[in-house]
Amino acid sequence: MAWLADHAPSTAAAFIDPEDAAAVEALEVGSGLTPPEDLRAWWAVCGGTANLAFAEVLPPFYTPLGPTNALRSWRLKERFWPADLDSEAGTPTVGFHPKWLPFAFDGCGDALALDLRPGVLSGCVVEWDRERGEMLKPEWTSLDEMLDQVATALEHRGRLGHCEPLITTDGRLGWRTD
């Protein structure tokens, strides 16, 4: 967030203050999911954006959600829950599993979520494609790993997968893709 304020101030301006502990508790009660510590730490510095404004800080086109909007996103995806709920974290899934906790959106219905199903990869970051209605593989083993790689790509203006950070003349962060 500090990097954004220094290098992409228009993007940084879209973010709101972190929500209080009551918002995280409401998410837990409403979804039955317990956010892991790395997500709680992220939410302590990032409250998402005002009115779900786009601020695509997570490649290639994702905007972080705060706890209140994460719960809204989770509820909106109930209609996509798969019939078979018995699968391990990180396994390919058709539908949006109810043990996924969305933490970023792209405006088209896709989401980045933490996979909180049991298993070795519990806590991994998955990308759900709404159009195809599926998740194929974990993108990162944890939120901490993802945020570390994003921060490194930003600080060094380096690539992250098929994406490269780009700062516009008006101070917005975007990601150039191959």
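Modeller: Let's start with a definition: two strands count as paired if DSSP finds at least two bridges between them. Keep in mind that we are looking at a predicted model.

Biologist: What is the strand order of the open sheet, and which way do its strands pair?

Modeller: The order is S1-S3-S4-S5-S7, which makes 5 strands, and the pairing is antiparallel.

Biologist: What makes S1 and S7 edge strands?

Modeller: Each of them pairs on one side only, and that is what puts S1 and S7 (138–140) at the edges.

Biologist: How do you know that S4 is paired with S5?

Modeller: Set the count against the cut-off. At least two bridges are needed, and 5 bridges join S4 (residues 111–115) to S5 (residues 124–128). These two strands therefore qualify as a pair, and they run antiparallel. You can find Ala111 opposite Trp128 of S5, and Leu112 opposite Glu127 of S5.

Biologist: How many bridges link S4 with S3?

Modeller: S3 and S4 pair over 5 bridges, again in the antiparallel sense. That count also passes the cut-off of at least two. Here Ala104 stands opposite Leu112 of S4. The hairpin of S3 and S4 has 5 residues between the strands, and Gly107 in this hairpin takes a positive phi near 85 degrees.

Biologist: Why is S4 described as largely enclosed?

Modeller: A residue is buried when its relative accessible area is under 20%. In S4, 5 of the 5 residues are buried, so the strand is largely enclosed by the rest of the structure. Ala111, Ala113 and Asp115 point one way, while Leu112 and Leu114 point the other way.

Biologist: Why is threonine 49 called buried?

Modeller: Its relative accessible area is 3%. Thr49 sits in the loop between helix H4 (37–43) and strand S1 (63–64). Among the residues that Thr49 touches are Phe15, Ile16 and Pro64.

Biologist: What makes the pair of Thr49 and alanine 53 a polar contact?

Modeller: A polar atom of the Thr49 side chain lies 2.7 Å from the backbone oxygen of Ala53. The cut-off is 3.5 Å, so the distance falls within it.

Biologist: How do you know that the buried residues of H3 line one face?

Modeller: The buried residues of H3 (residues 21–31) are Ala23, Val24, Leu27 and Ser31. Seen down the helix axis, they fall within an arc of 100 degrees, so they line one face. In general, an α-helix has 3.6 residues a turn, so residues three or four places apart point the same way. The face of H3 turned away from the buried side carries the exposed residues Ala21, Glu25 and Val29.

Biologist: Which elements do the buried residues of H3 pack against?

Modeller: They pack against H4, helix H5 (67–76) and strand S3 (100–105). Just after H3, Gly32 takes a positive phi of about 75 degrees.

Biologist: Which residues have the most contacts inside the largest nonpolar core?

Modeller: Leu58, Phe103 and Met146 do, in a core of 48 residues. Helix H6 (residues 143–156) gives this core its largest share, 6 residues.

Methods
Residues numbered from 1 in each chain as written. Predicted model: local features only at pLDDT ≥ 70, side-chain atom pairs only at ≥ 80, totals over all residues. Heavy atoms only, no water. Helix = DSSP H or I, 4+ residues; strand = E, 2+ residues; numbered from the N terminus. Buried < 20%, exposed > 50% of the residue type's maximum accessible area, 1.4 Å probe, protein only. Polar contact = N/O pair within 3.5 Å; in protein donor to acceptor, adjacent residues only side chain to side chain. Contact = heavy atoms within 4.5 Å. Core = buried A, V, L, I, M, F, W, Y, C linked by side-chain atoms within 4.5 Å. Arc of directions from axis to C-beta.
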